[in-house]
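Subject: Structure handover and notes

Hello,

I am handing over the structure we discussed. Please look through it alongside the notes below.

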Amino acid sequence: MASTRRPTYTSTGRPARSGGAGGSDGNTGSGGKAGPAADDVISASRSVPEPGPEGGGKGADPAKPKRAGIPGLGRGRKAEPSAAAAGNVLVFPEPKGKRRKRNILAVAGTLIALVAGLLAVATFSPVLAVDTISVSGTRLLTPAQVETALEPLRGKPLPQISDDEVARLLEPLVQVKSVSAEARPPSGLAVAVRERVPVALVKQGEQYQLVDVEGVQLAATADPESVSLPVIDGGAGAIGQDLFRATAAVLGALPADVLARLSNASAQSVDAVELKLVDGQTIIWGNAGEKELKAKVLAALLKVPADPKNPVKVYDVSVPRHPVTR
């Protein structure tokens, strides 16, 4: 029958030995049953096998599977992670692709912020304010006239100035056909002007007006001989707008060297435009159609050496593919 006494431990922490066969102090006899005694102490102890090289205890059966022993783990109890086990948790490194993407985004954000800051400084900083204006491409106008018209731009930051703004300021100058502006930091603005091209003189009273192909009056002169341009007989008011435009369109198609040899131009109708050279020769042009081809044919005919025995008095290019001279 099993004993009902509970196991106890001695005060020294070492387990007391229980009486057995041949016990001491006469509490038991040889081969007899142990009787109760007031000072008898029943002790119990449990030895934990020391792990061997393969994690098994001493005397472990090699045929049985070996299990890693966890101190303090008994049957029916779940193992609780120790502090050492918690400190040995594996931390996997961050994927290279994710880290690279994060670095790229960080660099891109920094660059965007830097560029935005530089643009803000360049756009509004008085360091880049316009102080000098240089003008090129003027013949009918003087650079001073253009600079005066662009005076409102002085003191304005260069990045805020556009070609449209420059063109708007130069609209009162009819001689300007188009314009482009170029910033020259820190404080310079270069303006290139493209002027309208005068193609003829129109007599108005004692003055001769220089006009372009659209009939825009560009300048005036009292001496037509000082300008190498043909005179349109009768002017825009006398011959009518349609005839004037047809004549001006013809003059606008001529090369500069041919235009300089013309004396005057006239038109009986939009299909009968005639030109006169300074040496008295006549050019029958016809209508304003195929004006580029007619201009090339006429330029080629005028380069042909003159024959003193058969001088050319008329150049007929009204049918440019079959020109006639007589």
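This is a predicted model: local features need pLDDT of at least 70, side-chain atom pairs count only at pLDDT 80 or more; totals for chains, interfaces and linings use all residues.

Residues are numbered from 1 along each chain as its sequence is written, and side-chain values use heavy atoms, with hydrogens and water left out.

Whole chain

The chain contains 8 helices and 12 strands; these are DSSP runs numbered from the N terminus, with helices being H or I of at least four residues and strands E of at least two. Of its 326 residues, 26% count as buried. Buried means under 20% relative accessible area, exposed means over 50%, and partly exposed is in between, with a 1.4 Å probe and protein chains only. The accessible surface is about 22500 Å², and carbon and sulfur atoms account for 56% of it. These areas come from the Shrake-Rupley method with a 1.4 Å probe; for residues, only the protein chains shown count as cover. Among contacts (heavy atoms within 4.5 Å) with a separation of 6 or more, 47% are between residues 24 or more positions apart.

Cores

A nonpolar core is here a set of buried Ala, Val, Leu, Ile, Met, Phe, Trp, Tyr and Cys residues joined through side-chain atoms within 4.5 Å. The largest one has 33 residues, and the members that touch the most others are Leu251, Leu254, Leu262, Leu275, Ile283, Trp285 and Leu298. H8 supplies the largest share of this core, 6 residues. A second, separate core has 17 residues, including Leu141, Leu170, Val179 and Val191.

The expected span is 1.5 Å times one less than the number of residues. Lys294, Ala295, Val297, Leu298, Ala299, Leu301 and Leu302 are the buried residues of H8. Their cover includes helices H6 (241-253) and H7 (256-259), together with strands E9 (273-277), E10 (282-286), E11 (314-316) and E12 (324-325).

H6 has 13 residues and runs 18 Å from first to last C-alpha, close to the expected 18 Å. Its buried residues are Leu243, Phe244, Ala246, Thr247, Ala248, Ala249, Val250 and Leu251.

Surface patch

Val107, Leu111 and Leu114 make up a nonpolar patch on the surface, with about 280 Å² of accessible area together. Patches are built from residues with over 30% relative accessible area and no salt bridge; like charges are joined within 9 Å, and nonpolar side chains (Val, Leu, Ile, Met, Phe, Trp, Tyr) within 5 Å. Leu111 sits in helix H2 (residues 96-124) and is partly exposed, at 48% relative accessible area.

Salt bridges

The whole structure has 5 salt bridges, each being a side-chain nitrogen of Lys or Arg within 4 Å of a carboxyl oxygen of Asp or Glu.

- Glu165 and Lys156 meet at 2.7 Å, N to O. Glu165 lies in helix H4 (residues 163-169) and is buried at 13% relative accessible area, whereas Lys156 is partly exposed at 23%. Beyond its neighbours within four places in sequence, Glu165 is in contact with Leu153, Lys156 and Gln160.
- Glu151 pairs with Arg154, the closest N and O atoms being 3.0 Å apart. Glu151 is partly exposed at 41%, and Arg154 is partly exposed at 31%.
- Arg196 pairs with Glu214, the closest N and O atoms being 2.9 Å apart. Arg196 lies in the loop between strands E3 (188-195) and E4 (200-204), and Glu214 in the loop between strands E5 (207-211) and E6 (217-221), so the pair ties together parts 18 residues apart in sequence. Arg196 is buried at 19%, while Glu214 is exposed at 52%. Salt bridges with shared partners join Arg196, Asp212 and Glu214 into one network.

Regards
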